[in-house]
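Trainee: Could you walk me through this model while I have it open? I'd like to ask things as they come up.

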Amino acid sequence: MLIRVDSSAILGVDAYIVEVEVDVSNAKEDSFTIVGLPDAAIQESKERVRAAIRNTGYHFPFGKRITINLAPADIKKVGPIYDLPIAVGILAASGQAPTDLLPDMMILGELSLDGNVRSVHGVLPMAIAARQVGKKYLIVPEANTREAAVVEGIGVYPVESLTDVLKLMENIRSAEPVKLAQEDFALDQPTFDVDFADVKGQEHVKRALEIAAAGGHNIIMIGPPGSGKTMLARRMPTILPPLSLEEALETTKLYSVSGRLALGTALITHRPFRSPHHTTSNSGLSGGTTHLRPGEVSLAHNGILFLDEFPEFHRDVLEILRQPLEDGHVTISRASGSLTYPARFMLVAAMNPCRCGFYGDPTKPCTCSPHEIHRYLRKVSGPLLDRIDIHIEVPRLKDQELVNQPTGEASGAIRARVERAREIQTRRFQGDGGHCNADMTGRQIRKFCVAKDDVKNLLRTAINQLNLSARAYDRILKLARTIADLEGVEELTLSHVAEAVQYRSLDRKLWG
């Protein structure tokens, strides 16, 4: 008897339907075959399914030829997610489970040997795919319930065991699907254990970070050890605006397919903050391990990617950042295939000006030779620096600043200004594409960054004196636009552009 059970698989951050075809027929001796490009985990499901059916009191059909086909057969299938639909298909094909509602169902889950159902990865995009093809019932592991229930328009039914699935199939019309409460979708600003009010001094750096947050700009902080670069970076999430529902869904999908979504979580409601170690590899940053999983640049989507000790990262690893910084996505190409993941993040980088860290420090002499300083700084390429909007120096605090209590603004006050600036940008780009000023295209720069003659004269001077590239020139205009938005004014003035220009001068001072 031939039975079809629908399941799903992940391709990038989206899902597609996998049809699990189960054929049980008479044979002289037992055989159990799975075809359709299964990986090792799926091949091993034969033993899990056989044990789970026996240990839950059902009859495994012995003396039969069992053939499982996972269609479409030309795409590699990975993971144990097909255990449950295979078991349901075998029981239905052997007359132990009803079949009338199977065309309206999608079934997901891994089986343990005692028949319990374990959680799987990627349930959110799979639930979206099920709704798109018109499925009425989505059967998922109990641990994945809230993640699946985020998707409206499809009934989500959690199960803890194979027995639960069979009982549910008999009376699913009388069962109530899971519904999330309104507070599960709340995207209010989360509470933080850190605050900008904790930071002593460095008011000019806080100002630069506020501008970066307001316009989604990338920023690099350069200064000696102990000047507060890491402390400042780790407080950046406290001044960012809350996620929109669309951004929360995008971020949750990425964490779901990579297996990093905490069990029982419905939505990721705060902006990611990723801080990989400087020993991370190319695939660790960009993604693309065995199964082309998302890397750090994608896990930081809609949030912050913080790279401390910036020059200590391998140069090849840093150069990977050029595509996502420019395009907002990263394309991974391997022998097994090619995938594109979203990677629109704010880069926050921190570095010392030399290997010992004290080049240019007024109190502690630098022990590096000019050649060593040059070689250290050259680890960060010019094209990569050009893609970072704000370059800011973080000097050592003076003794009086260290002794006094911190007197700076709290994160809440800064965040309020950032949110007002982001609201201006949301209205500006409504229907025109883009999310914030840092994403502006050349056409949008010409449209929204109109400069008067005095401003143009200042820009000409900056171009000549600082030897700015065309990309750096555009980024100055974007920065000036953000500074004007923080003030709530439409016209770009000399003060806006002058402040923006100063954030592009440090790389010329150190890198020449």
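Trainee: Let me start with a detail: over the ring of which residue does the charged end of Arg 428 sit, 5.9 Å from its centre?

Mentor: That ring belongs to Phe 448, where sitting over a ring means that NZ of Lys or CZ of Arg is within 6 Å of the ring centre and within 35 degrees of the ring normal. The charged end of Arg 428 also sits over the ring of Phe 429, 6.0 Å from its centre.

Trainee: What should I keep in mind about where these values come from?

Mentor: This is a predicted model, in which local features need pLDDT of at least 70 and side-chain atom pairs count only at pLDDT 80 or more, while totals for chains, interfaces and linings use all residues. Residues are numbered from 1 along each chain as its sequence is written, and side-chain values use heavy atoms, with hydrogens and water left out.

Trainee: OK, and the overall picture, how many helices and strands are there?

Mentor: The protein has 22 helices and 16 strands, taken as DSSP runs (helices H or I with at least four residues, strands E with at least two) and numbered from the N terminus. Its C-alpha trace spans about 85 × 45 × 45 Å along the principal axes. Of the 512 residues, 53% are buried, where buried means under 20% relative accessible area, exposed over 50% and partly exposed in between, with a 1.4 Å probe and protein chains only.

Trainee: Back to rings, how many aromatic pairs does the structure hold?

Mentor: There are five, counting rings of Phe, Tyr and Trp (its six-membered ring) whose centres lie within 6.5 Å, with planes under 30 degrees apart called stacked, over 60 edge-to-face and the rest tilted. Among them is the tilted pair of Phe 32 and Phe 60, at 6.0 Å centre to centre and 35° between the planes. This pair links distant parts of the chain, since Phe 32 is in strand E3 (residues 31–35) and Phe 60 is in the loop between helix H2 (45–55) and strand E4 (64–71), 28 residues apart.

Trainee: Are those two buried or exposed?

Mentor: Phe 32 counts as buried because its relative accessibility is 10%, and Phe 60 is buried with a relative accessible area of 4%. Ring pairs also join Phe 62 to Phe 32 and Phe 60 in a cluster.

Trainee: Switching to helices, at what angle do the axes of H7 and H17 cross?

Mentor: The axes of H7 (residues 203–215) and H17 (residues 411–428) cross at roughly 35° and come within 8 Å; axes are lines fitted to C-alpha atoms over the stretch in contact, and angles run from 0 to 180 degrees between N-to-C directions. The contact (heavy atoms within 4.5 Å) involves residues including Glu 210 and Ala 213 of H7 and Arg 417 and Ala 421 of H17.

Trainee: Then which non-glycine residues have a positive phi?

Mentor: Gln 202 has a phi of about 55°, and the phi of Glu 309 is near 55°.
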